[in-house]
Amino acid sequence: MKITIDVHGMTCMHCHERVTKAISSLEGVESVEVSLEENNATVSFDPDKVTSDGIKQAVEDAGYETGGIG
Ligand code: 9UX
């Protein structure tokens with residue numbers, strides 16, 4: 001499935017890379033597109049292997065706040 005998660009606190013390309021790596025390192029994640037302009041991350045993943053809450057947790061563990069899921 002594919003979701004977009006609001007991510008707050010990304011201000012530079014290093015933030016962008018940290019969030020991208022945090023999400024893409026999770027098992028079951030198929031693709032990640034992080035947008036600094038839109039402050040979100042669009043993620044395709046296998047829901048049998050990882051959950052949207054698991055993805056949010058990984059972003060928060062990397063040091064960024066998450067918001068709603070669309
Ligand atoms: Mo540089 Mo982006 O400290 O937080 S990684 S602004």
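I started at asparagine 39, which is found in the loop between S2 and S3. Helices and strands here are DSSP runs (H or I, at least four residues, for helices; E, at least two, for strands), numbered from the N terminus. Asparagine 39 has a positive phi of about 55°, although it is not a glycine. I noted beside this that most residues other than glycine have a negative phi.

How exposed is asparagine 39? It is partly exposed, because 16 other C-beta atoms lie within 10 Å. For the cut-offs, a residue is buried if 20 or more other C-beta atoms lie within 10 Å of its own, exposed if 12 or fewer, and partly exposed in between, with C-beta atoms placed from the backbone.

**Ground rules**

I am working from a predicted model, in which local features need pLDDT of at least 70 and side-chain atom pairs count only at pLDDT 80 or more, while totals for chains, interfaces and linings use all residues. Residues are numbered from 1 along each chain as its sequence is written.

I checked the confidence next. The mean pLDDT of the protein chain is 97, and 100% of its residues reach 70 or more; pLDDT is the predictor's confidence in each residue, from 0 to 100. For the model I wrote down ipTM 0.82 and pTM 0.95.

**The whole chain**

I found two helices and four strands in the protein chain. From the N terminus on, their order is β-α-β-β-α-β.

The C-alpha trace spans about 30 × 20 × 15 Å along its principal axes. The radius of gyration is 11 Å, which agrees with the value near 11 Å for a compact globule of 70 residues. That radius is taken over C-alpha atoms, and the globule rule is 2.2 Å times the number of residues to the power 0.38.

Buried residues make up 23% of the 70 residues. Among contacts between residues at least 6 apart in sequence, 58% join residues at least 24 apart. Two residues are in contact if their C-beta atoms, placed from the backbone, lie within 7 Å.

**The strands**

Which way do S2 and S3 run relative to each other, parallel or antiparallel? Strand S2 (residues 29–35) pairs with S3 in the antiparallel sense, over six bridges. I count two strands as paired if DSSP finds at least two bridges between them. S2 and S3 form a hairpin with four residues between them, and asparagine 39 sits in that turn.

S3 (residues 40–45) also runs antiparallel to strand S1 (residues 2–8), and five bridges join them. I then looked at serine 44 in S3: lysine 2 stands opposite it, and serine 31 stands opposite it as well. Isoleucine 5 has alanine 41 in S3 as its bridge partner.

S1 pairs with S4 too, in the antiparallel sense over three bridges. Histidine 8 has glutamate 65 in S4 as its bridge partner.

**Glycine 68**

I found glycine 68 in strand S4 (residues 65–69). Glycine 68 is exposed, because 8 other C-beta atoms lie within 10 Å.

**Glutamate 30**

Glutamate 30 is found in strand S2. I have glutamate 30 down as partly exposed, because it has 13 C-beta neighbours inside 10 Å. Not counting residues up to four places away in sequence, glutamate 30 touches Ser44, Phe45 and Asp46. The C-alpha atoms of glutamate 30 and valine 43 are separated by 7.5 Å, and these residues are 13 apart along the chain.

**The ligand**

Which residues are around the ligand? I listed Thr11, Cys12, His14 and Cys15. The test for being near is a C-beta atom, placed from the backbone, within 6 Å. This shell divides into two nonpolar, two polar and no charged residues. In that scheme Ala, Val, Leu, Ile, Met, Phe, Trp, Tyr, Cys and Pro count as nonpolar, Asp, Glu, Lys and Arg as charged, and the others, Gly among them, as polar.

I ended on threonine 11, in the loop between S1 and helix H1 (13–24). Threonine 11 counts as exposed, because it has 9 C-beta neighbours inside 10 Å. Threonine 11 and leucine 36 are 25 residues apart in sequence, and their C-alpha atoms are 6.9 Å apart in space.
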